[in-house]
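Hi,

Here is the structure I promised to pass on. Have a look at it first, and my notes follow below.

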Amino acid sequence: MKYSILIIMIISLFSSTTGFSQENNIEKIKTTIIAFVKTGDQNDHKTLATYLDDDYRLIINRLFGASTVNIMSKSVYLEKIKSKELGGDNRTLTIHEILLNGTTAMAKVTLKGKKMTFVSLIVLLMDESHNWKLISDVPFVIKED
């Protein structure tokens, strides 16, 4: 009987700790996505780089009816942010859903700017320091304003 109570207490403690950890990670992921959007809007390529994994890729599939997929590396993406070819908008961000799978997560977001509105699927990885970083962003334009 004592062992049953002890086992139940341990399971309860583990469950509550796991729940907090997941909620904590969801908040960290939201914070990372918000910072990613804000620094891109401000063309702050140096700070933006801190939110991107070294293997980050922007994957643009058939943008504006094209028949191709364009994949942009982290360095090319940051250069386009720096030169203001990309970014520089004041977008509103809506985070619809975050799926957490251990040290990997995916978020579905909507970004509405002055020129376009798009839905993006963002994949994030937790690094060895427990920071969340974007590994890929797959946007789909749903509206041109």
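Let me start with Glu85, which is exposed at a relative accessible area of 54% (buried means under 20%, exposed over 50%, and partly exposed in between, with a 1.4 Å probe and protein chains only). Before I go on, please keep in mind that this is a predicted model, where local features need pLDDT of at least 70 and side-chain atom pairs count only at pLDDT 80 or more, while totals for chains, interfaces and linings use all residues. Residues are numbered from 1 along each chain as its sequence is written, and side-chain values use heavy atoms, with hydrogens and water left out.

**Salt bridges**

Glu85 has a partner: Lys80 forms a salt bridge with it, with 3.0 Å between the closest N and O atoms. The term stands for a side-chain nitrogen of Lys or Arg within 4 Å of a carboxyl oxygen of Asp or Glu. Lys80 itself is partly exposed, at 21%.

(Helices, H or I with at least four residues, and strands, E with at least two, are DSSP runs numbered from the N terminus.) Arg91 is partly exposed at 21%, whereas Asp41 is buried at 11%.

The other is between Lys74 and Asp54, at 3.3 Å from N to O. Here too distant parts of the chain are linked: Lys74 belongs to helix α3 and Asp54 to strand β1, 20 residues apart. Lys74 is buried, with 14% relative accessibility, but Asp54 is exposed, with 64%.

**The aromatic pair**

How many aromatic pairs does the structure hold? There is one, formed by Tyr56 and Tyr77, and it is tilted, at 5.4 Å centre to centre with 50 degrees between the planes. For the cut-offs, rings of Phe, Tyr and Trp (its six-membered ring) pair if their centres lie within 6.5 Å; planes under 30 degrees apart are stacked, over 60 edge-to-face, and the rest tilted. Tyr56 lies in strand β1 (residues 52-61) and Tyr77 in helix α3 (residues 74-82), so the pair ties together parts 21 residues apart in sequence.

**The largest pocket**

The largest pocket has a volume of about 700 Å³, and 27 residues line it; Leu86, Gly87, Arg91, Met116 and Phe118 lie nearest its centre. On a 1 Å grid over the protein atoms alone, a pocket is an open set of points where a 1.4 Å probe fits, with protein on both sides within 12 Å along at least five of seven lines, and lining residues have an atom within 4 Å of a point. The volume is the space filled by probe spheres set on the points, which are joined across faces, edges and corners. Two or more lining residues come from each of α1 (2-41), β1, α3, β5 (116-126) and β6 (132-144). The largest share, four residues, is from β6.

Best wishes
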